[in-house]
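Please work through each task with the sequence and the model at hand before reading the solution.

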Amino acid sequence: MHDDRVLLEARLDRFVRERLRPALYAPGLPVTVERWDCPDEPVSFYRAMVQEFRPVHAGESWGAPWSTMWLKLTAEVPEGFGAAPGLDAELLVDLGFSGAQPGFQAEGLVWRPDATLVKAISPRSRHVRLDHLGSALGGGRVTVFVEAAGNPNILQLEDLRPDQNGSLATASREPLYTLGEVVLAERRTEVAELLADVAALSGLMHELPVDRPRRRRLLRALDTMVDAVDPDDVPGTAAAGRAALAPVLAAPAVASAHTLVATGHAHIDSAWLWPVRETIRKCARTFSSVAALAEDHPGFVFACSQAQQLAWIKEGYPDLFARLRELAARGQFVPVGGMWVEADTNMTGSEAMARQLVQGKRFFADEFGVDCEEVWLPDTFGYSAGLPQVAVAAGMKWFLTQKISWNQTNRMPHHTFWWEGIDGSRIFTHFPPVDTYNSEVSPAELAHAERNFSDHDRASVSLLPFGFGDGGGGPTREMLASAARAADLEGSPKVVLGTPRQFFERAQAEFPDAPVWLGEMYLELHRGTLTTQANTKRGNRRSEHLLREAELWATTATVRAGLPYPAAQLERCWRTVLLQQFHDILPGSSIAWVYSDAERNYAQVAEELEEVIADSLRVLTGEGEVDLVANAAPHARDGIPALGIAETTSAAPVTATADTGFTLSNEHLSAVIDAHGRLVSLVDHASGREAIAPGRPGNTLELFRDVPNQWDAWDIDEFYRGAAVAVEPGTARLDEVDGTPAVVVSAVVGASPVTQWISLPPGSPALVIRTEVDWQERQKLLKLGFGFDVRADTSAAETHFGHYRRPTHTNTSWEAARFEICAHRWLLVDEPGYGVVVANDATYGHEVTRDVRADGGTTTTVRLSLLRSPVYPDPEADRGHHEFTVAVQPAAGPAEAVELGYRTNLPVRPLRGAGPVAPLVTVSSPGIVVEAVKLAEDGSGDVVVRLYEAHGRRTSGVVTPGFDVASVVVTDLLERPLDPPAGVRPGTAATQLDLRPFQLVTLRFARPEAE
């Protein structure tokens, strides 16, 4: 037989394109369209309804970037319209859509006249069923309103040039869109079903090898369908076409076919190429469409993550929120993830990561009556080694992500496995092999998922999140039609609609002894997100520590002095900070508008928390003239007890001398800075050992050309190392800072002035370098480097409730790919018996390299990535004023590193009052660190103390409350009682702790008469 495959496939394609698709709708009926253009920011439905609308017609321009146009649509529905069998009456609206993905262009939200929502209008879902409007099919007038958003498409992957539309101040005022056709039309359901049949079978055919019998038979059936359907009467012959395809559609999948549990989803970025105010509307559009789809498809289930987004809906769209709760009760709307937002998990601090889960799980439990047990982070840019224990401590069983499939260099060896964290906690983990969280349930995606799955030898099931995402949109009826046809289809994996819980329970039951991945899941991409938008990162770090202080001192003031605890205010501040830890805000990958909002929000949070702290300290210390110091850190400092308030003490003075360079000395250290401001010597007096490597001074500012291949704000590509930009040496002079000698360095890096103050505070074991930069570069990377005379095989970086060690060598491609790494407050490089720690107050991106010198010694170089200057998506990213503080301590190990991290980020607070205040709680061992002291979330007045072992070794200690205690229990992060783990012996007078490395413990102390 002649091979006519190519000919017949071309015939099929043209027939679908020119005959079937145009026949989906009968000719439309006119609709009267009127418009009102909102002059500024979006307004409520009620305000829009009192405006004067004017007629508008197809072909008219509308939609300057970020503008809103309201449309009033009025149609006279003929009697019997859409009532005949096989016809559905629909309203079709074209806002001027392009071929771009939904969520990245114009969007609309349909409102009924009674101010209730119907669904969204988007490029792949332009219809509104008349029966969803409450309109009888017997005829009559129909009126609806469309809130149309003129959002610009900033996602131009083929041309990532600066786009001024990312800021309202610089956005164009010219319209982006041309209004298309708005009509009433009858949808021919038999044609729709035929199109779905053809899409499923044709798509499957193209995924099968050309020599497979199944492929040949599919092609022959599809060709028979073309013959059976009259091109001049597609509606009348569509049933005949379906009959021609029925036998091949009925052929069942093979017994060993992979199974995909398909879960509806819409990954909505809480901000990215749009501001938060637009995300709120995106959520309303997406969730209303989900609700409409669920009404038509009782078997459809939708997984919704991010409690913040549902909180917005509760506040702004109460009618929709009530519908979602009803769907949740029916099992169709399924909250997942248990986090406030899908947060970045590299930079979010320890307690903040815990609060992401506390706030998220509490909201879902309170509003929907569910206890989420799966972490849902499909798009976050890497996963810290400390995350498993935080998740497990919140009662999580499972973890899902997809992003690691973006790795540039190495492929993760498994799709289903156990992930083990730094403390030994394990969580059952899955990467959907479909390699997307925005699946359209296409045959190509289904085939890829089956081919790509790494664990066929032991497992038979994977998850398929489907629905348009990033910018929202969600599942469509076409996706559900595709899933239905792939339920049991020869040549295809099986598709079954289900919830994430159903998937995880099945997957874990069939693969309980899955392999184990230990440590971080490093994303070999988007390394620049550890540095971009430095002021937002500073705001996050400062807010996290202000929240710690505010809770500590407010709790102490409540217990000791009866001051009312500001629970609502603290929760509001926490939720603001948690929102801004979203994985496109904190990482610096959003438009300019997002960062102007973020920095304003951080300033407001700081103002509120400073007020809480001041009020609490004022009540605690009383009126008086005694010079006091409040120490919110978990370690005693300069004679001030941890978590307490005491009188000030004095330390030995610092001496400074100037010769060819400058020498700063105190009782702990001597540091020599040369005439150009470089640190050429750092010696601790106890050991007498030099920390600085020969010929590799510290405090070296280094500038690099930084032009990644694609994702400007996201990526640092390794080849930047070969593109250093010469930096002129600075000049140094001796001065004073707050009465303490300091070396002041003036330099210019590129076109950016830099001033540094290098000081050795009295009594401090660390040299402190404060840097101010007026950053004026574009596509440049600024690093601050230190060459240490240490043979460090690994570096240790602070992460969630502990630290994580990474090799400094590049023996394998896995190590080589980690050329930019994350550290929270400190990074330590050490050899047995000696190390140097570098702490920071706002920097996350670090680099550690090693080299053997000619003298046989090893130089370990630590570089902190201070600033970048990408031009997309924010053309002005990071330009302007920045401040950084770095502290360097020699002769250090993990214990010293932990203390220096807190010292650098939690300065003591001088104040005056009547006298000292004893700590509310004390811990006998410096290796057991108090991370949070607060009142219980339930308003009971119980005191909650969160602690962890910080040094990475077995540690024992005693926790003693400084107040009367009726009972004490161990809890999870949500403050629910647990059986005490081995080594934890609660007692009302004292609690004995014998902790494993990095073990996390939460204690809840009930007071006899808690207010």
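**Exercise 1. A three-stranded sheet**

In what order do the three strands β23, β24 and β44 form an open sheet, and is the pairing parallel or antiparallel?

Solution. The model is a predicted one, and the steps below should be read accordingly.

Step 1. The order is β24-β23-β44, and the pairing is antiparallel.

Step 2. Two strands lie at the edges, namely β24 (644-647) and β44 (909-913), each of which pairs on one side only.

Step 3. Direction ignored, neighbouring strands of this sheet are turned by 35 degrees against each other on average.

Step 4. Consider the pairing of β23 with β24. Strand β23 comprises residues 626-631 and is joined to β24 by four bridges, the two strands running antiparallel. Within this pair, N631 stands opposite G644 of β24.

**Exercise 2. Helices across the sheet**

Determine which helices lie across β23, β24 and β44, and state their angles to β44.

Solution. Step 1. Helix α14, residues 534-561, lies across these three strands and runs at about 25 degrees to β44.

Step 1. Helix α16, residues 592-621, also lies across β23, β24 and β44, and its angle to β44 is about 40 degrees.

Step 2. Examine the side chains for a link between α16 and β44. The side chains of E610 and R909 meet in a salt bridge, with an N to O distance of 3.0 Å. Because E610 belongs to helix α16 and R909 to strand β44, the pair ties together parts that are 299 residues apart in sequence.

Step 3. Classify the two partners by relative accessibility. E610 has a value of 30% and therefore counts as partly exposed. R909 has a value of 17%, which lies under the 20% limit, so R909 counts as buried.

**Exercise 3. A covered strand**

Is strand β46 mostly covered or mostly exposed, and to which strand do seven bridges join it?

Solution. Step 1. Strand β46 covers residues 928-935, and eight of its eight residues are buried, so that the strand is mostly covered.

Step 1. Seven bridges join β46 to β47, residues 943-949, and the two strands run antiparallel.

Step 2. Across this pair, A932 stands opposite R946 in β47.

**Exercise 4. Further salt bridges**

Find how many salt bridges the structure holds, and describe the pair formed by D994 and R985.

Solution. Step 1. The structure holds 83 salt bridges.

Step 1. In one of them, the side chains of D994 and R985 meet at 2.8 Å, N to O.

Step 2. D994 is partly exposed, with a relative accessible area of 28%. R985, at 45%, likewise counts as partly exposed.

Step 3. Elsewhere, salt bridges that share partners join E41, E107, E147, R277, E278, R281, K282 and R285 into one network.

**Exercise 5. The chain as a whole**

Decide why the radius of gyration agrees with that of a compact globule.

Solution. Step 1. The chain has 1011 residues, for which a compact globule would have a radius of gyration near 30 Å. The chain has 31 Å, and the two values therefore agree.

Step 1. Along the principal axes, the C-alpha atoms fill a box of roughly 95 × 65 × 60 Å.

Step 2. Of the 1011 residues, 62% are buried.

Step 3. Among contacts with a separation of 6 or more, 75% are made by residues 24 or more positions apart.

Step 4. The accessible surface comes to about 35,900 Å², and 51% of this belongs to carbon and sulfur atoms.

Step 5. In secondary structure, the chain has 18 helices and 53 strands.

Technical notes: Residues numbered from 1 in each chain as written. Predicted model: local features only at pLDDT ≥ 70, side-chain atom pairs only at ≥ 80, totals over all residues. Heavy atoms only, no water. Buried < 20%, exposed > 50% of the residue type's maximum accessible area, 1.4 Å probe, protein only. Pairing = 2+ DSSP bridges. Axes fitted to C-alpha atoms, helices over the stretch in contact; angles between N-to-C directions. Contact = heavy atoms within 4.5 Å. Rg over C-alpha atoms; globule rule 2.2 N^0.38 Å. Areas by Shrake-Rupley, 256 points an atom, 1.4 Å probe, with all protein chains shown as cover. Salt bridge = Lys/Arg side-chain N within 4 Å of Asp/Glu carboxyl O.
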